[in-house]
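Here is a short briefing to read alongside the model. Please have the sequence and the 3D view open as you go.

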Amino acid sequence: MPSNIFLKEEISVFFPILDWTILLLVPAILLSLYAQMKVQSTFSRYSQVFSSRGLTGAVVAREILRQSRIYDVRVEPVAGTLSDHYDPRAKALRLSEPVYGSSSLAAIGVAAHEAGHAIQHDVGYVPLGIRSAIVPIATFGSNLAMPLLIIGLIFGSPMLAQTGVLAFSAVVLFQLITLPVEFNASNRAIEVLVDGGYITREEVGPTRAVLNAAALTYVAAALMGILNLIRLLILSGMFGNRDDN
């Protein structure tokens, strides 16, 4: 869930253009560092706090799917930590090892969040459909944005540089549409956990804290994308003639 398939774009944008515009990224860098520390510390903390029901993340996910009349999504383990995700094409809800077999509040919250994505898919939640539709475009943009921009700047081709910026804008669009998808999944998670009796009222706060910490990583990624885009617009001259600087 806190994974970001376009993280490499955020990293590669630093290379090789090191000028004053790099300072624009400082707020996003600081927020990203804080978000990563927050999600790891919060998940670690509530991984040691176990739910009163004692159900594992995998069991809770399957129960939520069954109660939502979703019978064609399988729940399966996946390697790694915080690598949990719902794959709408494979109809698979994959839970990381610390979540799949654990009955901690952190595990249950993450499992319910991913089940929330499956529910979004089942009911045709529009932002999820938009996000899924633009994945190929965003992936294309992620792979080509930096090469086009760098080649354009090196060889003095505004058209190539600006094409690179437009390609990168697809990545930013993906990050922005991800925000309502993730917030909605977290809200659904808390609702179904409470309504289904999987957690008590006293356990809502810690469970929500885990999901809020994870959501912050998406906010940081979106901010990084927006500031990167502004930076690339300046470098490419799309905010004016770069030679005037």
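Helices (H or I, at least four residues) and strands (E, at least two) are DSSP runs, numbered from the N terminus. On that basis the chain has 8 helices and 3 strands. This is a predicted model, where local features need pLDDT of at least 70, side-chain atom pairs count only at pLDDT 80 or more, and totals for chains, interfaces and linings use all residues. Residues are numbered from 1 along each chain as its sequence is written, and side-chain values use heavy atoms, with hydrogens and water left out.

**Overall layout**
- Along the sequence, the elements run α-α-α-β-β-β-α-α-α-α-α.
- A box of roughly 65 × 35 × 25 Å, taken along the principal axes, holds the C-alpha atoms of the chain.
- Of the chain's 245 residues, 49% count as buried (under 20% relative accessible area, 1.4 Å probe, protein chains only).
- Counting contacts (heavy atoms within 4.5 Å) between residues at least 6 apart in sequence, 73% join residues at least 24 apart.

**A look at helix 3**
- Helix 3 spans residues 57–67, and its buried residues are Gly57, Ala58, Val60, Ala61, Ile64 and Leu65.
- These residues lie on the same side of helix 3 because they cover an arc of only 165° around the axis, taken from the directions from the helix axis to the C-beta atoms.
- Their cover includes strand 1 (74–78), strand 3 (92–96), helix 4 (97–100), helix 5 (105–123) and helix 7 (158–195).
- Just after helix 3, Arg69 has a positive phi of about 60°.

How values were computed
Buried < 20%, exposed > 50% of the residue type's maximum accessible area, 1.4 Å probe, protein only.
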